[in-house]
Every structure is written in C-alpha cells, then in structure tokens.
Amino acid sequence: MSRQENIHQHAFSLTKEQRQALHGHKSYILWFTGLSGSGKSTIANMVEAKLHAKGVSTYILDGDNLRNGLNEDLGFSVDDRKENIRRIGEVSKIFVDSGIVVLATFISPYANDREDVRKKVKSDEFIEIYVKCPIEACEERDPKGLYKKARIGEITDFTGVSAPYEEPENPEIIIETSENTIEECVQQIINYLVDAGI
C-alpha cells in the first residue's frame, strides 16, 4: 500500500488572497543563497527589520536554526542536503499561503533544489537572492571557524571546500557583499521589492 493512498487533501474556506488582504500585502519567499560566511543571515536580518518597519508581516527561516529542530536528523550528504531544502521549501510554501513574507537563508548549493522550491509557489512569489562573495573573502571572515575546520579535515562535505556550490544562473537579485556595504546590499533588495510593487 502506498504511503499516499489514504491521504486526501482538505480544502479550507479561507484563501491565500484573503490572508494577504488581512496582512495588507502580498506574500512571497526571499531566498538567500550563497557560501557560508557570505552574509546571508546578517543581510536577511536587516531586510526583515526594514520590512517590519513598513508594516510587513515576516519570518526568517535560517539554516543553522532549523538544523537544531525540524532538520536535526539530517547531515550534510547530497541526499540530506536535498531533503533539508525540500522540507524548507514546504515550510516556505506554507508561510506564503498564510500571507506572510518568508526570508529563507540557506547555502542551498544545488541549483535543482532551489528550482524545486521555486516551483512550489507562483512565479512572482519566489525571489532568489544570490549573496555573491568570493570564497577567499568568506574564508577570511570565517565567523564560525568552519573553513578552518574544513581545511584541516575536521568537517567533511563542506560547501566550497570539499563539496560543490552551483551559482544561480538567473537570480532575481545579485548582491556582492565583498564589493558593497551591508547597508548598500540591504537597500538594493528593498529597492527591488519597491520597484516590483511588493
């Protein structure tokens, strides 16, 4: 018997559009992808503060935070990374359906996994933000000491060192954190949202 055989989708009366109307704005995913140390969480935190000040209902889903809970059973193999992003994609979709803007900060190294998340929502509800930063700059920052551990073999399957990172080909936004200040990167994202009318 299939695991899905006796599962039936229940239709509820309230729609996403009604929830968005209650919040007073559209809901969507801001998906921050980039190497460890590129600045994803720092920038998302500041973007969220700006949106909150404008009356936008938001929530941040952060890779490290969710690996302490929802994804605590996952490691860093290719399969586990894929499952990590699949779960986050489903949670992000729920946030969008609830009328909330979700900021997802995940290395998410594989292009196919990011594309799978994009397909879960409408085309204008997924905004991929490539937090672009040379690995040399990320490694110099190394805020968590992870690159150092990866270089001496204490961490295996580390993105950029012993595991690949597939750069986004057509992200909606590219911010270069080694070339611009955090404030400039944050403003670039806010400007995009304003110009897009969301």
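Student: Which helices each supply at least two residues of the lining of the second largest pocket?

Tutor: α1 and α4 do. Helices here are DSSP runs (H or I, at least four residues), numbered from the N terminus. Bear in mind that this is a predicted model, where local features need pLDDT of at least 70, side-chain atom pairs count only at pLDDT 80 or more, and totals for chains, interfaces and linings use all residues. Residues are numbered from 1 along each chain as its sequence is written, and side-chain values use heavy atoms, with hydrogens and water left out.

Student: What makes a residue part of a pocket lining?

Tutor: On a 1 Å grid over the protein atoms alone, a pocket is an open set of points where a 1.4 Å probe fits, with protein on both sides within 12 Å along at least five of seven lines; a lining residue has an atom within 4 Å of a point. For the second largest pocket, 15 residues line it, with Q9, R19, K93, I94 and D97 nearest its centre. α4 gives the largest share, five residues.

Student: And what about the largest pocket, how many residues line it?

Tutor: There are 34, and S36, K40, D64, I107 and K144 are the closest to its centre. Here α2 gives the largest share, four residues.

Student: Why is E5 called partly exposed?

Tutor: Buried means under 20% relative accessible area and exposed over 50%, with partly exposed in between (1.4 Å probe, protein chains only). E5 has 47% relative accessibility, so E5 counts as partly exposed.

Student: Where is E5 found?

Tutor: In the segment before α1 (16–23).
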